[in-house]
Amino acid sequence: MSHSTVAHNTIWNNTYGVLIVYEDNETVYNNTLFNNTYAIYVNLSGDINITLNTLYDNTNGINFYNTTNSEIRGNTVNDSADVVKLAGPSNYNKIIENRGEDTSFGVRSTGSSYNIIKNNTFLRTTNGLNLGTSDFNNI
(Lines give C-alpha, C1' and ligand atoms only; values in the text may rest on other atoms or scores of the structure.)
Protein backbone atom coordinates (compact mmCIF):
# COMPACT_ATOMS: atom_id res chain seq x y z
CA MET A 1 0.00 0.00 0.00
CA SER A 2 2.97 2.38 -0.32
CA HIS A 3 2.17 5.91 -1.48
CA SER A 4 -1.56 5.41 -0.96
CA THR A 5 -4.27 7.74 0.29
CA VAL A 6 -7.30 6.74 2.35
CA ALA A 7 -9.70 9.67 2.09
CA HIS A 8 -13.37 10.63 2.50
CA ASN A 9 -14.56 7.32 3.98
CA THR A 10 -16.86 6.39 6.84
CA ILE A 11 -15.45 3.37 8.68
CA TRP A 12 -17.18 1.70 11.64
CA ASN A 13 -17.56 -1.50 13.68
CA ASN A 14 -14.14 -3.05 12.93
CA THR A 15 -11.18 -4.24 14.94
CA TYR A 16 -8.95 -1.88 12.90
CA GLY A 17 -10.59 1.05 11.16
CA VAL A 18 -7.37 1.89 9.26
CA LEU A 19 -4.37 -0.46 9.65
CA ILE A 20 -0.97 0.51 8.25
CA VAL A 21 1.97 -1.88 8.81
CA TYR A 22 5.41 -1.86 7.15
CA GLU A 23 4.48 1.06 4.89
CA ASP A 24 5.90 4.47 4.02
CA ASN A 25 4.40 7.64 2.55
CA GLU A 26 0.76 6.90 3.38
CA THR A 27 -1.98 9.51 3.90
CA VAL A 28 -5.18 9.13 5.93
CA TYR A 29 -7.26 12.24 5.24
CA ASN A 30 -10.77 13.47 6.08
CA ASN A 31 -12.30 10.17 7.19
CA THR A 32 -14.90 9.49 9.87
CA LEU A 33 -14.19 6.46 12.07
CA PHE A 34 -16.41 5.21 14.90
CA ASN A 35 -17.09 2.11 16.99
CA ASN A 36 -13.75 0.49 16.07
CA THR A 37 -11.36 -1.16 18.52
CA TYR A 38 -8.45 0.76 16.93
CA ALA A 39 -9.56 3.72 14.84
CA ILE A 40 -6.13 4.27 13.21
CA TYR A 41 -3.26 1.89 13.97
CA VAL A 42 0.19 2.37 12.42
CA ASN A 43 3.12 0.01 13.09
CA LEU A 44 6.67 -0.23 11.71
CA SER A 45 6.09 2.60 9.24
CA GLY A 46 7.35 6.07 8.35
CA ASP A 47 6.34 9.29 6.64
CA ILE A 48 2.67 8.76 7.49
CA ASN A 49 0.26 11.73 7.35
CA ILE A 50 -2.92 11.52 9.48
CA THR A 51 -4.91 14.71 8.81
CA LEU A 52 -8.41 16.14 9.42
CA ASN A 53 -10.07 12.90 10.50
CA THR A 54 -13.00 12.65 12.92
CA LEU A 55 -12.88 9.75 15.37
CA TYR A 56 -15.46 9.02 18.03
CA ASP A 57 -16.63 6.16 20.23
CA ASN A 58 -13.58 4.03 19.38
CA THR A 59 -11.78 2.03 22.05
CA ASN A 60 -8.45 3.55 20.90
CA GLY A 61 -7.84 6.67 18.81
CA ILE A 62 -4.63 7.18 16.78
CA ASN A 63 -1.89 4.68 17.67
CA PHE A 64 1.71 4.80 16.44
CA TYR A 65 4.05 1.90 17.24
CA ASN A 66 7.61 1.95 15.92
CA THR A 67 6.65 4.75 13.52
CA THR A 68 8.90 7.68 12.60
CA ASN A 69 8.97 10.97 10.69
CA SER A 70 5.18 11.20 10.54
CA GLU A 71 2.55 13.84 11.23
CA ILE A 72 -0.78 13.77 13.06
CA ARG A 73 -2.52 17.10 12.42
CA GLY A 74 -5.98 18.63 12.77
CA ASN A 75 -7.84 15.50 13.89
CA THR A 76 -10.77 15.38 16.31
CA VAL A 77 -10.98 12.42 18.69
CA ASN A 78 -13.83 11.99 21.18
CA ASP A 79 -14.75 9.22 23.62
CA SER A 80 -11.66 7.05 23.09
CA ALA A 81 -8.87 5.91 25.41
CA ASP A 82 -6.23 8.10 23.73
CA VAL A 83 -6.26 10.91 21.23
CA VAL A 84 -2.71 9.88 20.23
CA LYS A 85 -0.55 7.05 21.57
CA LEU A 86 3.16 6.81 20.68
CA ALA A 87 5.07 3.66 21.64
CA GLY A 88 7.57 1.19 20.48
CA PRO A 89 9.44 3.73 20.18
CA SER A 90 7.93 6.22 17.77
CA ASN A 91 10.40 9.06 17.24
CA TYR A 92 10.63 12.28 15.20
CA ASN A 93 6.88 12.74 14.75
CA LYS A 94 4.72 15.88 14.80
CA ILE A 95 1.44 15.97 16.75
CA ILE A 96 -0.07 19.37 15.96
CA GLU A 97 -3.49 21.07 16.27
CA ASN A 98 -5.48 18.00 17.29
CA ARG A 99 -8.54 18.17 19.53
CA GLY A 100 -9.71 15.56 22.01
CA GLU A 101 -12.65 15.39 24.38
CA ASP A 102 -13.72 12.82 26.96
CA THR A 103 -10.60 10.66 26.61
CA SER A 104 -8.27 9.07 29.14
CA PHE A 105 -5.18 10.62 27.55
CA GLY A 106 -4.59 13.50 25.18
CA VAL A 107 -1.12 12.29 24.12
CA ARG A 108 0.38 9.21 25.75
CA SER A 109 4.01 8.58 24.87
CA THR A 110 6.02 5.59 26.09
CA GLY A 111 9.67 5.34 25.15
CA SER A 112 9.24 7.77 22.25
CA SER A 113 11.53 10.76 21.80
CA TYR A 114 12.30 13.77 19.62
CA ASN A 115 8.62 14.41 18.87
CA ILE A 116 7.01 17.84 18.43
CA ILE A 117 3.72 18.16 20.33
CA LYS A 118 2.11 21.59 20.00
CA ASN A 119 -1.15 23.55 19.69
CA ASN A 120 -3.36 20.61 20.69
CA THR A 121 -6.55 21.00 22.75
CA PHE A 122 -7.68 18.35 25.23
CA LEU A 123 -10.92 18.75 27.20
CA ARG A 124 -12.24 16.48 29.94
CA THR A 125 -9.28 14.10 29.73
CA THR A 126 -7.93 12.22 32.71
CA ASN A 127 -4.35 13.03 31.60
CA GLY A 128 -3.66 15.72 29.01
CA LEU A 129 -0.06 14.70 28.33
CA ASN A 130 1.67 11.59 29.66
CA LEU A 131 5.29 11.35 28.53
CA GLY A 132 6.54 8.33 30.48
CA THR A 133 10.11 7.31 29.59
CA SER A 134 10.08 9.72 26.64
CA ASP A 135 12.92 12.20 26.23
CA PHE A 136 13.85 15.25 24.15
CA ASN A 137 10.29 16.04 23.03
CA ASN A 138 9.41 19.62 22.04
CA ILE A 139 6.18 20.68 23.72
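The model is predicted: local features need pLDDT of at least 70, side-chain atom pairs count only at pLDDT 80 or more, and totals for chains, interfaces and linings use all residues. Residues are numbered from 1 along each chain as its sequence is written, and side-chain values use heavy atoms, with hydrogens and water left out. The protein chain has 18 strands and zero helices; these elements are DSSP runs numbered from the N terminus, with strands (E) of at least two residues and helices (H or I) of at least four.

**Overall dimensions**

- The protein chain has a radius of gyration of 13 Å, close to the 14 Å that the globule rule gives for 139 residues, so it is as compact as a globular protein of that length. The radius is taken over C-alpha atoms, and the globule rule is 2.2 Å times the number of residues to the power 0.38.
- Along the principal axes, the C-alpha atoms fill a box of roughly 35 × 35 × 25 Å.
- Of the 139 residues, 47% are buried. Buried means under 20% relative accessible area, exposed means over 50%, and partly exposed lies in between (1.4 Å probe, protein chains only).
- Among contacts between residues at least 6 apart in sequence, 17% join residues at least 24 apart. A contact means heavy atoms within 4.5 Å.

**Sheet from S1 to S16**

- An open sheet of six strands has the order S1-S4-S7-S10-S13-S16, with parallel pairing. Two strands pair if DSSP finds at least two bridges between them.
- Strand S1 (5-7) and strand S16 (116-118) are the edges, each with a single partner strand, so one side of each is left without a neighbour in the sheet.
- Neighbouring strands here are turned by 5 degrees against each other on average, direction ignored.
- Strand S13 (residues 94-96) pairs with S16 in the parallel sense over three bridges, and Ile96 has Lys118 as its bridge partner in S16.

**Sheet from S3 to S18**

- Another open sheet of six strands runs in the order S3-S6-S9-S12-S15-S18, and its pairing is parallel.
- S3 and S18 are the edge strands, each pairing on one side only.
- From one strand to the next, the twist averages 10 degrees.
- Five bridges pair S12 with strand S15 (residues 105-110) in the parallel sense; Leu86 has Ser109 as its bridge partner in S15.
- S15 and strand S18 (residues 127-130) run parallel and are joined by three bridges, and the bridge partner of Phe105 in S18 is Asn127.

**Nonpolar core**

- The largest nonpolar core has 23 residues, of which Val18, Ile40, Ile50, Ile62 and Val84 touch the most other members. Such a core is a set of buried Ala, Val, Leu, Ile, Met, Phe, Trp, Tyr and Cys residues joined through side-chain atoms within 4.5 Å.
- Strands S3 (16-21), S6 (38-43), S9 (60-65) and S12 (82-87) are the elements that give two or more residues to this core.
- Ile40 lies in strand S6 and is buried, at 0% relative accessibility.
- Beyond four places in sequence, Ile40 is in contact with residues including Val18, Val28, Leu33, Ile50, Leu55 and Ile62.
- Thr76 is 36 residues from Ile40 in sequence and 12 Å away in space, C-alpha to C-alpha.
- Ile50 touches Val28, Ile40, Ile62, Phe64, Glu71, Ile72, Arg73 and Asn75, not counting residues up to four places away in sequence.

**Buried polar residues in loops**

- Thr67 lies in the loop between S9 and strand S10 (71-73) and is buried, with a relative accessible area of 0%.
- A polar atom of the Thr67 side chain lies 3.4 Å from the backbone oxygen of Val42. A polar contact is a pair of N or O atoms within 3.5 Å; within protein, one must be able to donate a hydrogen and the other to accept it, and residues adjacent in sequence count only if both atoms are side-chain atoms.
- Not counting residues up to four places away, Thr67 touches residues including Val42, Asn43, Ile48, Pro89 and Asn93.
- Ser80 is in the loop between strand S11 (76-78) and S12; Ser80 is buried, with a relative accessible area of 5%.
- The side chain of Ser80 has a polar atom 3.1 Å from the backbone oxygen of Asn58.
- Not counting residues up to four places away, Ser80 touches residues on both sides in sequence, among them Asp57, Asn58, Asp102 and Ser104.

Key:
Axes fitted to C-alpha atoms, helices over the stretch in contact; angles between N-to-C directions.
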